[in-house]
Amino acid sequence: MNAVFTARNLVIGALLVFLALLPIYVVATGQFFPLTLFTRIVILALAATSLNLILGYGGMVSFGHAAYLGVGGYVVGILAKEGITSGFAQWPLALAVCALFALVVGALCLRTRGVYFIMITLAFAQMIYYVAVGLDRYGGDDGLTIYRRSQFAGLIDLSGKVQFYYLCLALLLAAIWIVSRLVNSRFGMVIRGSRSNDRRMRAIGFPIFRYRLAGFVIAGMMCGLAGALLANHTDFISPAVMHWTRSGDLIVMIVLGGVGSLFGPLIGAVTLLMLEEGLSRVTEYWQIIVGPLLLFIVVYAHGGIDGILASLHRG
Amino acid sequence: MSKTLIAAGALMVCVSQPALAQQKSVKIGFVSTFSGPTAVIGNDMRNSFDLALDHLGRKMGGLPVEVIYEDDQQKPEVGKQKTEKLIESDHVDFIVGYIWSNVLLASLKPALDSKTIMISANAGPSQIAGELCSSYFFSTSWQNDQTPAAVGLYMNQEGVKNAYLVGPNYAAGKDMLTGVKATFWGKIVGEEYTRWPDQLDFSAELSKVRAAKPDAVFVFYPGAAGVQFLNQYVQAGLKSQIPLYTAFTIDETTLPRQGENAIGIPGAQEWVNDLPNDANKKFVADYKAKYKASPSFYGAQSYDAANLVNSAVVAVNGDVAKKADMIKAMEKADFASVRGSFRYGNNHFPIQNFYLQDVVKGPDGMLGLKTVATIVKDDQDGFHDKCAMK
Amino acid sequence: MRDEVILLIEQCLNGLQFGLLLFLLAAGLTLVFGIMDLVNLAHGSFYMLGAYFAATFAALTESFVLGAVLALVATFVVGMAVELIAVRKLYGRDHLDHVLGTFGLILFFNELVRLVWGPAGMNLPLPPFLSTSIEILPDVYYPTYRIAIIVVALAVALLLYIVVMRTRVGMLIRAGASNREMVGALGINIRLLYTLVFGVGAALAGLAGLIQAPILTAQIGMGENILIVALVVIIIGGIGSIRGAFIAAIFVGLVDTIGRAFLPEVFRMVMTPAAASALAPALSSMLIYLLMAVVLVLRPQGLFPVDGK
């Protein structure tokens, strides 16, 4: 159909090649900091991808998605503190708790629309934030240091920086693949359809609520996985990771990259975090650029970077 | 400003010589708070550290010194990130600073995992004095429980029968209140922990204090919180009714805003600006001349940290790769500390005196902190036997 | 017994004070939301600016009151400028666009403040006549400043009530909240009305900020946390309703303060004081969000919904 070598595909391809080959450069030069930085980027891209499933495609603007990063991370952290360091126990439990949390929150929130939906997802995120702050045994606001990363019985050593990075990258690509399959399936059609016209979808006979809730749960679980990865990456978890402004950051990544595009969240994560790293070395006041940039994109460039790239080959 | 320049300079060094193996300079990373209301503490520490470097001629063991200052924004996760960045990206030889115990605890693992020598110039959480102790960690301050324990002793001397304790709900706050309870003989009629760091309105807690009618109140509120608590204590009319005993709540950084409210309110400290040793006289005088302000204990501890680092680098003649030798040298505490000489315990925390300080109005009408008495000599923290090191 | 009563009275006053502060913030937010259908996350930035302006002007003029007045004017002007330059473009758009656009404004203002005033924040010292305490009941002293806050906020609430209920401008505002197009069709200069309302909202937020500044100090990002609570208040109260905002704000203020004050006692029976003190404020904060969730599920339009739309 379309040409393969569009600007957009070239950029995405180059990015993926770069991400795949980064560890080689790092090991060769002995400079490990870029790997640390990009591991973080990949993990947050995973979180943003999960949010994009419901926000970008489903139009469900959840302003409390960072809560799942926290829930996933805290399951790993709490179990680690209590002596259970096996990843085979921690990670499935993290996913299960996130699924349960998403089920309950979604069941309540999805009854509302528009700004009320935004507010109520925010409220639930704040609630879980305060629960974490109140957990005195697990550090509360001071956070919890994780002394031993998730153990996988020798299959993979998460303390190995390169191994861990490739694991995160693999999981990100798997997530993007899952999202692409979902949105192009019947499930995806319903979600996307209900975004633009709720009533029509209902009239056709689809149980909208159930589909949306399922999407919500899947997105929550995916983000919980990102949380488990983040906790392992930083050897630390604190309530700060769930603050509503962090949910805002995820949304910013999606908007920057391109709402409702497969690789938009990854592009957005790379852009935002590289801006943060790079610009912050040039000037402390880099955020003064990001703010108006965001506003500009919202008003004029609705498709984000992905949209800009796609439009380069339109015609 | 200079921080950005130093950071940019360090970045250029990193980028232009990727395989920099041999040491051309001594690199020190300094993590403290440089934004928000407690930036005044971070600035005091930076000024003092810088002054120490001036006194050392900007060289240690013949090598030029490079310091990279990073802002932890008073948040554990930010402090941790900055610590990691200093270690992994800037490849510092020493990491110094840390006002807040929770920030220090979050940043400990990256430093120790990378075997970077870490010096706390303020925070002294009980965990690091005990089970989390490490040969790579040194303190030039105190252990959190020690200072309030000294206050507790003083309260006994003053005949206080019962007390109400108030402090912030984070690692240091808990340590402090525990410290008072360790030495104070009287009854604890109330114990309040407030949200940290954003709760600066103490009306609820002050109402409870008033209702409990204790003989005395003990409080620990560093920085801006200390200013607010003290001023609100006075505004609520409590100062004239119930004596207040403090730790880390009144110091040279908070005094300008507490003003006359602070007169007559005692506190304990391991350093007061008028300690009669030569190093201290020079430190205070030169600080006042250079910065037109009085240094606080945060600054004094940072000044000592610089000299501690220097003693290590000198001992190995600039070969900072010899970490074990540097650690041995540091354990001797072989430098002129502004608090007078002290020695290190097995957990690398100082064994030192604690003094009673009070706020008085000088002949020129200016308020200042003065040493009133020595509360306890050669005090060692109570956690050193939980530490596995000998 | 008497001591407990005194404590309760003091805590109720504290809760009232916090609630009134929330009202000042919520009033502006609900007005803008109700009339222009705009979710303004940057409302917290005006709160911050009010505090910084007041600290700056008070230092320049050496008068607390004069500094406060000037700060109000300055925040009003900045509010109108923001509406003209940026916010205007967001009218009629998706709520997500509002959220994102104004989130961008938050980032911008935080950095702007850092650029202009530096990272350390600013202090606003109280003048001597406000630093005392008043004997409100025999042997019960309450800080004068907090009484002043209550008085000022109540006065503003009364003023708002009079303006919105009893003046022509207020009538336009109420009409605009119910039916935007109709008001436009009547030939009223809707754009000017919007700009003014936005400016007034900003000034109210600035007032809340400068009131808090002597206690909390002016610092970067100070609006972020309280903004969320203000949003919760207007959802509970009903978007567009000032009366709803008032009642919800007082209620939320009381619940939060009394919860923080008395819950630790309850928890202390089963856990250590430190743990109780960590859990109690967490729980009382959660209560507010729980309340909002319940209201949204049962009465999605809030407690005092504005009719029409």
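Where is the place of B:Lys115 in chain B? B:Lys115 sits in the loop between helix H4 (101-113) and strand S5 (117-120) of chain B. Here are some friendly notes to read beside the model.

1. **Before you start.** This is a predicted model, in which local features need pLDDT of at least 70 and side-chain atom pairs count only at pLDDT 80 or more, while totals for chains, interfaces and linings use all residues. Residues are numbered from 1 along each chain as its sequence is written, and chains are lettered from A and ligands numbered from 1 in the order in which they are written.

2. **Back to B:Lys115.** The phi angle of B:Lys115 is near 55°, a positive value in a residue other than glycine. B:Lys115 counts as exposed because it has 12 C-beta neighbours inside 10 Å. For this term, a residue is buried if 20 or more other C-beta atoms lie within 10 Å of its own, exposed if 12 or fewer, and partly exposed in between, with C-beta atoms placed from the backbone.

3. **Another positive phi.** B:Asp378 is not a glycine, yet its phi is positive, at about 45°. You will find B:Asp378 in strand S14 (residues 367-379) of chain B. Helices (H or I, at least four residues) and strands (E, at least two) are DSSP runs, numbered from the N terminus. With 11 C-beta neighbours inside 10 Å, B:Asp378 counts as exposed.

4. **A cis peptide bond.** Look next at B:Trp196 and B:Pro197, which are joined by a cis peptide bond with omega about 0°. B:Pro197 belongs to the loop between strand S8 (187-194) and helix H8 (203-212) of chain B.

5. **Chain C as a whole.** Chain C has eleven helices and two strands. Read from the N terminus on, its elements run α-α-α-α-β-β-α-α-α-α-α-α-α. A compact globule of 309 residues would have a radius of gyration near 19 Å, and the 20 Å of chain C agrees with that. This radius is taken over C-alpha atoms, and the globule rule is 2.2 Å times the number of residues to the power 0.38. Along the principal axes, the C-alpha atoms of chain C fill a box of roughly 65 × 50 × 35 Å. Of its 309 residues, 54% count as buried. Among contacts in chain C between residues at least 6 apart in sequence, 77% join residues at least 24 apart. Two residues are in contact if their C-beta atoms, placed from the backbone, lie within 7 Å.

6. **A helix pair inside chain C.** How do H10(C) and H11(C) pack, and at what angle? Helix H10 (residues 242-268) and helix H11 (residues 273-298) of chain C pack at about 150°, with axes 8 Å apart. Axes are lines fitted to C-alpha atoms, for helices over the stretch in contact, and angles run from 0 to 180 degrees between N-to-C directions. H10(C) and H11(C) are therefore roughly antiparallel to each other. Angles under 35 degrees count as roughly parallel, over 145 as roughly antiparallel, 65 to 115 as roughly perpendicular and the rest as oblique. Residues that meet here include C:Val252, C:Gly259 and C:Leu263 in H10(C), and C:Ala276, C:Leu283 and C:Leu287 in H11(C). By class, this contact has 13 nonpolar, three polar and three charged residues. Ala, Val, Leu, Ile, Met, Phe, Trp, Tyr, Cys and Pro count as nonpolar, Asp, Glu, Lys and Arg as charged, and the others, Gly among them, as polar.

7. **Where chain A meets chain C.** Here 35 residues of chain A are in contact with 39 residues of chain C. On the chain A side, H5, helix H10 (244-257) and helix H12 (287-299) each supply at least two residues. H5(A) gives the largest share, 14 residues. By class, the chain A side has 24 nonpolar, nine polar and two charged residues.

8. Helix H5 (residues 114-134) of chain A and helix H9 (residues 222-237) of chain C cross at roughly 130°, and their axes come within 11 Å. That angle makes H5(A) oblique to H9(C). A:Met119, A:Leu122, A:Ala123 and A:Gln126 in H5(A) meet C:Ile228, C:Leu231, C:Val232 and C:Ile235 in H9(C). These residues divide into seven nonpolar, one polar and no charged.

9. **Where chain B meets chain C.** In this interface, 27 residues of chain B are in contact with 30 residues of chain C. H8(B) supplies the largest share of the chain B side, five residues. That side divides into ten nonpolar, nine polar and eight charged residues.
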